[in-house]
4 protein chains.
Amino acid sequence: MTDTSTRWQRRKDARPQEIIDAALTLFTQRGFAATKLDEVAKLAGVTKGTVYLYFDSKEELFFSAIREMVVPMLELGESRVASFEGSATELLKALTHSWVEKLLERKGVCLTKVMLSDGNQYPEIAAFYHQEVVLRGRRLFASVLDKGVASGEFRPMDTLLAARNLIAPILLYHIWLHSFAAFESSDMTPRDYVDFHLNLQLNGLRAHPERN
Amino acid sequence: MTDTSTRWQRRKDARPQEIIDAALTLFTQRGFAATKLDEVAKLAGVTKGTVYLYFDSKEELFFSAIREMVVPMLELGESRVASFEGSATELLKALTHSWVEKLLERKGVCLTKVMLSDGNQYPEIAAFYHQEVVLRGRRLFASVLDKGVASGEFRPMDTLLAARNLIAPILLYHIWLHSFAAFESSDMTPRDYVDFHLNLQLNGLRAHPERN
Amino acid sequence: MTDTSTRWQRRKDARPQEIIDAALTLFTQRGFAATKLDEVAKLAGVTKGTVYLYFDSKEELFFSAIREMVVPMLELGESRVASFEGSATELLKALTHSWVEKLLERKGVCLTKVMLSDGNQYPEIAAFYHQEVVLRGRRLFASVLDKGVASGEFRPMDTLLAARNLIAPILLYHIWLHSFAAFESSDMTPRDYVDFHLNLQLNGLRAHPERN
Amino acid sequence: MTDTSTRWQRRKDARPQEIIDAALTLFTQRGFAATKLDEVAKLAGVTKGTVYLYFDSKEELFFSAIREMVVPMLELGESRVASFEGSATELLKALTHSWVEKLLERKGVCLTKVMLSDGNQYPEIAAFYHQEVVLRGRRLFASVLDKGVASGEFRPMDTLLAARNLIAPILLYHIWLHSFAAFESSDMTPRDYVDFHLNLQLNGLRAHPERN
DNA sequence: CATGAATGAGCGTTCATTCAT
DNA sequence: GATGAATGAACGCTCATTCAT
């Protein structure tokens, strides 16, 4: 990459991404409907009109945000699973923690929160999200469980269903953080919560587990 | 008295509940902000003005809905736990299934969905909901786990945390139904899902569980 | 009048007057538009529907109020002027103080305030009020001035115009009380104000002004 | 630049004043509550939404109107009094006529009418108006009377009270014009009315009354 | 007579979207 | 490319009026 590109030029190319970032932040914080385009524009350092240079509508902006933020995350996860060497248990832990880090570092995942809030109003977006994020995410975790079953680490099971049990508490925990952060006493780090959750899932509740 | 039901025939006593029902249905489907009072009124079979005879504002309507629908559900659960005789495992299953039935038969629980969507905008409601529903629900499930630990059925654990792991997938599953119902192939009944989930939680994933 | 009339019966007959009283109180305090029929009804001790038994509309209620409250006051004044024996100066003082007492004791006059506020919207009412109250009130005071001119107490002048100068400050003073009562320090009684005003005016009117 | 005036051609700078002008016209004619923002907008040649670009609310619009129209008028009057050379009588006449001209040429003063109508509902505005307009106006006229007393033109008196007697008829006369213009035969110009009023008052004020 | 539940038109306010500059 | 003034449809809420009881 040559450095003849002036800061101005780089800025021009960066605009859409800056707007998407701003939109994601606000969509996640306030929900889709409650986010005003004026605020998105201000946070992105432009004016409202500029947003319409790059996106046809508020809805289209949301659509783009999903595509550009979540899909790459899943692709990364898939490639890690494909190339991972080690036990399924380790992989499961690694994958989960990596996901959680992403969730914490930026808003990415909480698009799920936005989808839960406003998904109904936008069936096309919901369809896309369900296909490209929800199902794909489940398959990703299921594939790890499959490895574990194949290796004898895990009991045989419906791994797609089990994946949902793995994902749900973590997802809900993060959505929770957005909605009730002020009220949770929270002497517990997200890492603690995830560790506890993983151990519970891996071990089960029973004092004397049966083989079934 | 003939059944020529006019708008005058209905009783003042029935109206608030009818309006709350309509509101819950729409709040759950579309979220708080996206629900228009006109629609609530139409679904309740009245006009917009009538809603304001019984509720001071849209927000107050939502507040009333929470109070009248969710709190009684929790009280019922609490009394069942208090009076239950049998193993903690059975109690856990019974309680969960009873909850799920309520969820299915009506929209009640999915107030949680509404809180996740719009809770940020209405801190007072969020605070009330967190206190009276979220925490209380957790404590309810934790108390069952405590019984099991005391009886030796379950391993010692942080039962409040474990309660969250029990609740989350079921909750998320039902919220999911609202957001992505159209896209889930769903050859699986809610009952199936809950059974699978409970078994998984009770047994854990591991092929050879450790005592830890 | 027989006394077989029960309290109930008297009450029935009194209803319209009670409603008018309530309406006047509130119209004067808040203006016509800002007064809700619900409030009028409550103050009159009836329900909103009852108001419509006696008056066709809010506007009609206002109309009736004017007729029943102000016109009698003017008739009283006219008869006092007709029968008064004594100097025009004394008559002027007596008439003015009597008017002010009425103003203070109840809201009567401040219908003028309501007319000033809302008169434009209701040309018919304004026409009636102007004819039956404004002009007639001016003529009443002018007739007193005429007496004084005839008797040589006052200088010759356009008495109709002079009447306006007499009336205006007193009227405005009372309207003022409604609008700015909270802000006027008011170490002065209404009586003081009127006395001061009359003395000033009489000094201007007198044929042979005194040094006082 | 052609004169194809489009909605885009107008300048941001001119808009607020145009809207204030329209608002004053309608507030004065109809009162604050009875004036619809749609009408204000239409009279200003814009749409309702545009009003909200410049003013936060209807109330704020009224507040701005007071600040921008009446306060400068008073400041002008105060500076004229300060710099005037001549008799207090002349000053009083000049000041009054100048005020009346302002009243006639535009709606300015009749903000008083609006305050009388709707002041009760908006205590903050009433407080501001009373402080900055009513009291200040009284003080302005009183200061002229003080000059006259000092110079021996006028008898000693409570000049603040006397100021109210000077102001009231003129104010009421103009408020009257708005409410009953249609019904007053009015073969008399405002100038005539003011002259008559001033002469009458001056006769009452003078230290050495003339026969005129 | 009296009630009060119900109506529905109307207003203040918001905000996604447009477009002349 | 970028701006921001302007739009207008939409929504929450109010209240005079109606009418079955």
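## The interface between chains B and A

In this predicted model, 47 residues of chain B are in contact with 48 residues of chain A, where contact means that the C-beta atoms of two residues, placed from the backbone, lie within 7 Å. Five helices of chain B, namely α1 (15-30), α6 (111-118), α7 (123-151), α8 (159-180) and α9 (190-203), each supply at least two residues of the side that touches chain A. Helices here are DSSP runs of H or I with at least four residues, strands are runs of E with at least two, and both are numbered from the N terminus.

The largest share of this side of chain B, 11 residues, comes from α8(B). Sorted by class, the side of chain B that touches chain A has 24 nonpolar, 15 polar and eight charged residues; Ala, Val, Leu, Ile, Met, Phe, Trp, Tyr, Cys and Pro count as nonpolar, Asp, Glu, Lys and Arg as charged, and the others, Gly among them, as polar.

## How chains A and B are related

Two copies of a chain are related by a rotation about an axis and a shift along it. Chain B is superposed on chain A by a rotation of 179° with 0.1 Å of shift along its axis, with an RMSD of 0.3 Å, using least squares on the C-alpha atoms of residues with pLDDT of at least 70 in both. That is the relation of a two-fold axis. In chain B, the C-alpha nearest the axis belongs to Gly204(B), 1.8 Å from it. The same surface serves both copies, as 98% of the contact residues of chain B recur in chain A.

## The interface between chains D and C

Chain D places 37 residues in contact with 38 residues of chain C. On chain D, α1 (15-30), α6 (111-118), α7 (123-151), α8 (159-180) and α9 (190-205) each supply at least two residues of the side that touches chain C, and the largest share of that side, 11 residues, comes from α8(D). The residues of this side of chain D divide into 19 nonpolar, 13 polar and five charged.

## The fold of chain A

Chain A has nine helices and zero strands. Of its 212 residues, 38% count as buried, a residue being buried if 20 or more other C-beta atoms, placed from the backbone, lie within 10 Å of its own, exposed if 12 or fewer do, and partly exposed in between. Among contacts in chain A between residues at least 6 apart in sequence, 66% join residues at least 24 apart.

## Numbering and model

Residues are numbered from 1 along each chain as its sequence is written, while chains are lettered from A and ligands numbered from 1 in the order in which they are written. In this predicted model, local features need pLDDT of at least 70 and side-chain atom pairs count only at pLDDT 80 or more, whereas totals for chains, interfaces and linings use all residues.
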